[in-house]
Amino acid sequence: MGLLSISSLTKKFGGLVALKQFDLTVEKGEILGIIGPNGSGKTTFFNVLTGMFRADEGTVLLDGTSDNLLDRKTHEIIGMGVARTFQNQRPFSNLSVLQNIMVGGHCRGRSGIFSALLRLPGAGRERRRLEKRAMEVMTIFGDRLISMKDRSAWTLSYANRRRLEIARALASDPKLLLLDEPTAGMNPAESLQLLDNIRHINSTGVTVLVIEHDMNFMKQLCGRLVALDYGEKIVEGSYDTVRNHSRVIEAYLGKD
Ligand code: ADP
Ligand code: MG
């Protein structure tokens, strides 16, 4: 029994099967990579896992519980300890960096991100708790976010927006962190630094699922990889097993 047991997960968009009978077990404490060409269903997998899209079929069990995660709403899933970042980053651009991260903490177990925003209290114990947690998660990135904490989120560089996304997700204190292309917009030095950041997060007990195209990044980060193509799992296993699989080579040569 892993942290996450997924079986027969299927998502259709009209006639298109974006995710097809997907089975996967994620072990507690691992960093598992998900690869596949564009359109292979990687983001869709995160979307159904976090309740943003309703799956057509399947069961997802989290941490030994017997009720299907797919029956839960997004805010409940966050409350159960699953947090994500987005491929197309969307911070609240007029809130400060600190406030963006505080919203991430506030959403845990609450309904709707916008009502959470409206209720974000101006003072009091809850505000101090959220602020303390936000400061804590920012330290993962050295002074990169802390030095920007009072700036509006829209002023951040691409790399800092990616870091903000991760910090916001961590503010909800997840067991499982889902990262969708976290190096997008980062230069090689920043990606290298992100490797260390993610390893550090993992060392604090957070299991990580990461989608990324950069195979060198994945080789260094992930204990195990899963490859998707046309919504189906082609292969899972070690980096070498997956990288050398004929259908993985074919899928990448054919499309990229
Ligand atoms: P990946 O993240 O691997 O690039 P996606 O999961 O975003 O791929 O997309 C998988 C397939 O599902 C693609 O063919 C895409 O066009 C389709 N798709 C994704 N989201 C939607 C949506 N909201 N409506 C219709 N089709 C979608
Ligand atoms: Mg995607």
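These legends describe close-up views of a predicted model.

**View 1**
Thr43 belongs to helix H1 (residues 42-49), while Gln87 sits in the loop between strand E5 (82-84) and helix H3 (97-106), so the pair ties together parts that are 44 residues apart in sequence. Thr43 has a relative accessible area of 24% and is therefore partly exposed. Gln87 is also partly exposed, at 28% relative accessibility. Both values fall between the limits of 20% for buried and 50% for exposed.

**View 1. The surroundings of ligand 1.**
Which residues surround ligand 1? They are Phe13, Leu16, Ala18, Pro37, Asn38, Gly39, Ser40, Gly41, Lys42, Thr43, Thr44 and Phe53.

In Gly39, a backbone N or O atom lies 2.7 Å from an oxygen atom of ligand 1. In Ser40, a backbone N or O atom is 3.2 Å from an oxygen atom of ligand 1. With Thr44 the side chain takes part: one of its N or O atoms is 2.6 Å from an oxygen atom of ligand 1. On its own, ligand 1 has 560 Å² of accessible area, and the protein covers 63% of this.

**View 2. Helix H1 and its buried residues.**
How many of the 8 residues of H1 are buried? The number is 7, so the helix is largely enclosed by the rest of the structure. The buried residues are Lys42, Thr44, Phe45, Phe46, Asn47, Val48 and Leu49. Thr43, in contrast, is partly exposed at 24%. Just after the helix comes Gly51, which has a positive phi of about 75°.

Asn47 is located in helix H1. Is Asn47 buried or exposed? Its relative accessibility is 11%, so Asn47 counts as buried, the limit being under 20%. The side chain of Asn47 makes a polar contact with the side chain of Arg84, at a distance of 2.7 Å.

**View 3. The open sheet of three strands.**
The strands of this open sheet are arranged in the order E2-E1-E4, with antiparallel pairing. Strand E2 (16-26) and strand E4 (57-62) are the edge strands, and each of them pairs on one side only. From one strand to the next, the twist averages 20°. Strands of a sheet pair through backbone hydrogen bonds, and the pairing is either parallel or antiparallel.

**View 4. Strands E1 and E2 in detail.**
Strand E1 (residues 4-13) is joined to E2 by 7 bridges, and the two run antiparallel. One bridge pair is Leu9 with Phe22, the latter being in E2. Strand E2 also holds Gln21. The phi of Gln21 is near 45°, a positive value in a residue other than glycine. With a relative accessibility of 41%, Gln21 counts as partly exposed.

**View 5. The hairpin of E8 and E9.**
Strand E8 (residues 224-229) and strand E9 (residues 232-237) run antiparallel and are joined by 5 bridges. Across the pair, Leu228 stands opposite Lys233 in E9. The two strands form a hairpin, with 2 residues between them.

Where is Tyr230? It lies in the loop between E8 and E9. Like Gln21, whose phi is near 45°, Tyr230 has a positive phi near 45° in a residue other than glycine. Tyr230 has 58% relative accessibility and therefore counts as exposed, the limit being over 50%.

**View 6. Val242 and Val226.**
Val242 is part of helix H9 (residues 239-243). The relative accessible area of Val242 is 0%, so this residue is buried. Val242 and Val226 are 16 residues apart in sequence, and in space their C-alpha atoms are 7.3 Å apart.

Key. Residues numbered from 1 in each chain as written. Chains lettered and ligands numbered in written order. Predicted model: local features only at pLDDT ≥ 70, side-chain atom pairs only at ≥ 80, totals over all residues. Heavy atoms only, no water. Pairing = 2+ DSSP bridges. Helix = DSSP H or I, 4+ residues; strand = E, 2+ residues; numbered from the N terminus. Buried < 20%, exposed > 50% of the residue type's maximum accessible area, 1.4 Å probe, protein only. Near = heavy atom within 4 Å. Polar contact = N/O pair within 3.5 Å; in protein donor to acceptor, adjacent residues only side chain to side chain. Areas by Shrake-Rupley, 256 points an atom, 1.4 Å probe, with all protein chains shown as cover. Axes fitted to C-alpha atoms, helices over the stretch in contact; angles between N-to-C directions.
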